[in-house]
Amino acid sequence: MILSVSDLTKSFGDKVVFKGLSFQIREHEHVAIVGNNGCGKSTLLKVIVGEEPADSGSVVFAKDSTYGYLAQYQDADYPGTIYEYVYHAREDILAMEESLRKMESDMKTVSGDELTKLMDSYQKQSHAYMLMDGDSYVSRVGGTLKGLGFTEDDFSKKMSELSGGQKTRVALSKLLVTNPDLLLLDEPINHLDLHSIEWLENFLVNYSGAVIIVAHDRYFLDRTVTRCIDLSEEKAHDYNGNYSAFMQQKDLFVLTREREYEKQQKKIEHEEKVIEKLQSFNREKSIRRAESRKKVLDKIDRIEKPKEIDTSMKLSLSPLSTSGKDVLTVENLTKSFDGREIFKDVSFEIKRGEKVALIGDNGIGKSTILKIINNVFPADSGKIKIGTGVTIGYYDQEQHGFNEDNTLFDEMQDAYPSLNNTRVRNVLAAFLFRDDEVYKQIRDLSGGERGRISLAKLMLSGSNFLILDEPTNHLDMDSKEILEHALNNYDGTVLYVSHDRYFVNQTADRILELKADGIHEYLGNYDYYLQKRDDIKTDYGLSSDQKIEETAENTQAGSALDWKKQKEEARARQKQEREIKSVEDKIEELESKKAEINGQFEDPEIAKNSAKLNDLTEQLNAIEEELKKLYHRWERLLGDDE
């Protein structure tokens with residue numbers, strides 16, 4: 001055990017953030033703290049490290065253990081350079097190295113017993129230095145800074161010259177170099193580009209110490225943690241597995257809790273009626289029995305009513321018209337700003353019904369392409385062709401066209417007067433505007449809130465081609481899942497830019513990667529993209545920190561063949577996915593029939609009817625046999641998928 005949290009409670013005024021939190025973190029364990037915005041994830045980390053006092057409870061670290069904490073915001077006041085700031089993270093290693101160098105110098109000037117003692121001391125200290133990985137310390141400092149997005153030219157920059165995001169990256173570099181027994185990381189990837197995120201993921205996967213992470217990037221959590229602690233209901237609910245496993249278990253947990261709650265409520269109601277009946281007899285013996293039963297009832301550990309999941313809070317996107325098959329054609333698009341070329345000769349096509357993610361490094365020009373398509377920026381050269389019957393809905397985070405005097409509720413009703421009040425509230429709630437927040441005026445909204453209301457309006461626009469620039473920014477995890485569900489069930493076409501890899505993995509059926517040498521296409525989701533990208537690296541013997549651009553000249557000749565192979569693989573994969581879904585739908589249908597028949601067996605009238613019982617038994621046996629075949633087929637299909 002590296003950390004023990006016991007019965008921890010924290011409030012701000014009348015608002016209880018969490019209460020009675022208890023959990024332990026074992027050595028080498030990687031844990032995510034999850035839950036919706038405002039549930040106290042960051043506050044919990046601050047309480048653990050002593051930056052915030054707890055109202056009650058205790059936090060105990062293992063004896064002689066070390067920890068390192070990365071807050072979301074950094075303001076490091078350091079007079080030196082980036083490199084110096086990180087290099088001096090381990091003064092113990094530097095002091096030991098200096099001591100060893102001094103011993104080496106002293107050995108030249110002494111002899112006899114003094115030399116023997118000095119050599120003995122040198123050997124012991126060298127061994128300790130080796131255990132601390134002192135020999136590799138300098139390379140670790142440089143490698144960590146480079147891994148988190150700094151170049152060697154950046155190393156000499158003064159800390160005072162850096163932005164807040166850059167300071168956070170430097171602080172993270174310093175923290176990783178210190179190599180503590182426990183890392184506590186609050187949104188560590190907020191200021192990292194894709195390559196740096198992947199580097200940090202690999203670092204944490206191989207980190208020997210324990211790690212506690214608060215992060216909104218679900219793909220990052222899937223790759224780096226093996227346990228999730230959910231704070232959604234003011235308490236700590238523990239789940240083994242990564243984020244995806246947690247979500248599956250949570251659905252089952254909530255359902256089980258609801259059933260347990262309902263069962264206990266029926267038992268309590270029954271006991272209360274029995275007590276009331278005994279008291280109504282007004283006899284000494286019956287009153288004593290009533291009091292005895294009431295004492296037992298009062299001691300029951302009552303299950304709290306689970307927070308209801310609003311199943312109506314689902315966005316349904318329906319295009320008002322159907323476009324032609326060819327939705328968008330981009331040919332030889334080129335764009336520069338202030339003499340600096342952003343991209344050149346970019347070409348791609350999008351067909352009806354596709355869900356396409358445009359990805360790439362920061363500053364490569366992804367958002368610029370979306371703006372050119374939507375006539376926000378002109379292209380320097382190239383052609384944009386919009387297909388027949390295409391109606392575009394564009395979300396760019398630079399929101400215009402609001403009535404500043406409107407409330408959120410009025411803004412939605414003015415845009416869509418046919419929506420009833422419940423529907424308006426549900427749509428607003430899906431984008432985190434709940435209760436009295438729907439009456440906030442547009443002029444009082446933050447940039448993030450304006451983005452969310454723009455997205456809410458766009459989702460109801462009826463457009464058949466949605467173009468979205470970072471649609472999941474400012475959304476909590478529940479809202480992201482609502483948006484994912486909506487896009488997956490949308491019959492229209494989608495092109496979007498997103499850094500949210502989990503979102504891309506859930507919604508994209510095709511990926512366009514924008515690189516210095518143009519567009520690279522992958523017919524699949526983000527997992528498929530990673531697999532194919534890594535295959536390219538392996539095929540050409542590239543190390544993990546080399547750029548795929550280096551293979552461009554070598555791969556152009558085979559690109560047409562590779563594209564054909566990808567299309568064939570994609571068709572086979574889509575066929576298999578359709579088969580799996582068909583089997584799953586049939587299993588669900590038969591399981592429902594099975595449950596219905598089992599319910600009929602409990603009917604007292606049917607229990608007396610032998611003919612009916614025989615008929616139900618035959619039906620049940622037939623269903624069981626069919627289910628057995630379906631489950632076998634389902635397992636075989638999944639096995640093929642693997």
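Predicted model: local features only at pLDDT ≥ 70, side-chain atom pairs only at ≥ 80, totals over all residues.
Colleague: What does the protein chain look like overall?
Modeller: The chain comes to 21 helices and 18 strands. Its C-alpha atoms fill a box of roughly 105 × 75 × 60 Å along the principal axes. Buried residues make up 43% of the 642 residues. Take the contacts between residues at least 6 apart in sequence: 67% of these join residues at least 24 apart.

Colleague: How many aromatic pairs does the structure hold?
Modeller: The structure holds 16 aromatic pairs. One of them joins Y78 and Y85.

Colleague: Why is the pair of Y78 and Y85 called edge-to-face?
Modeller: Two values decide it. A pair of aromatic rings is described by the distance of the centres and the angle of the planes. The centres of Y78 and Y85 are 5.1 Å apart, and the cut-off for a pair is 6.5 Å. The planes stand at 65°, and edge-to-face needs over 60 degrees. So the pair is edge-to-face.

Colleague: Are Y78 and Y85 buried or partly exposed?
Modeller: Y78 has a relative accessible area of 24%. Buried means under 20% and exposed over 50%, so Y78 is partly exposed. Y85 has 13%. That value is under 20%, so Y85 is buried.

Colleague: What lies over the face of Y85?
Modeller: K174 does, at 4.3 Å from the ring centre. K371 lies over the face of F377, at 5.8 Å from the ring centre. The distance limit for this label is 6 Å.

Colleague: What makes Y243 and Y502 an edge-to-face pair?
Modeller: Their ring centres are 6.0 Å apart, with the planes at 90°. Y243 lies in helix α9 and Y502 in helix α16, so the pair ties together parts that are 259 residues apart in sequence. Y243 and Y502 are buried.

Colleague: Which residues form an aromatic cluster with F155?
Modeller: Y83, Y87 and Y137 form one aromatic cluster with F155.

Colleague: How do you know that Q264 is buried?
Modeller: Its relative accessible area is 13%, under the 20% cut-off, so Q264 counts as buried. Q264 lies in helix α9. Leaving aside neighbours within four places in sequence, Q264 is in contact with I300, D301, R302 and I303.

Colleague: Where is D181 found, and why is it called partly exposed?
Modeller: D181 is found in the loop between α6 and β6. Its relative accessible area is 33%. D181 and Y67 are 114 residues apart in sequence and 5.7 Å apart in space, C-alpha to C-alpha. Beyond neighbours within four places in sequence, the contacts of D181 include I2, D64 and G209.

Colleague: How do helices α12 and α13 cross?
Modeller: Their axes come within 10 Å and cross at roughly 115°. The crossing is right-handed. From α12, the contact is made by L408, F409, M412 and Q413. From α13, it is made by N421, V424, R425, V427 and L428.

Colleague: What classes of residue make the contact of α12 with α13?
Modeller: There are six nonpolar, two polar and one charged residues. Arg counts as charged, so R425 falls in that class.

Methods:
Residues numbered from 1 in each chain as written. Heavy atoms only, no water. Phe/Tyr/Trp six-rings, centres within 6.5 Å; stacked < 30°, edge-to-face > 60°. Buried < 20%, exposed > 50% of the residue type's maximum accessible area, 1.4 Å probe, protein only. Helix = DSSP H or I, 4+ residues; strand = E, 2+ residues; numbered from the N terminus. Lys NZ or Arg CZ within 6 Å of the ring centre and 35° of its normal. Contact = heavy atoms within 4.5 Å. Axes fitted to C-alpha atoms, helices over the stretch in contact; angles between N-to-C directions. Left-handed = near helix turned anticlockwise from the far one by under 90°.
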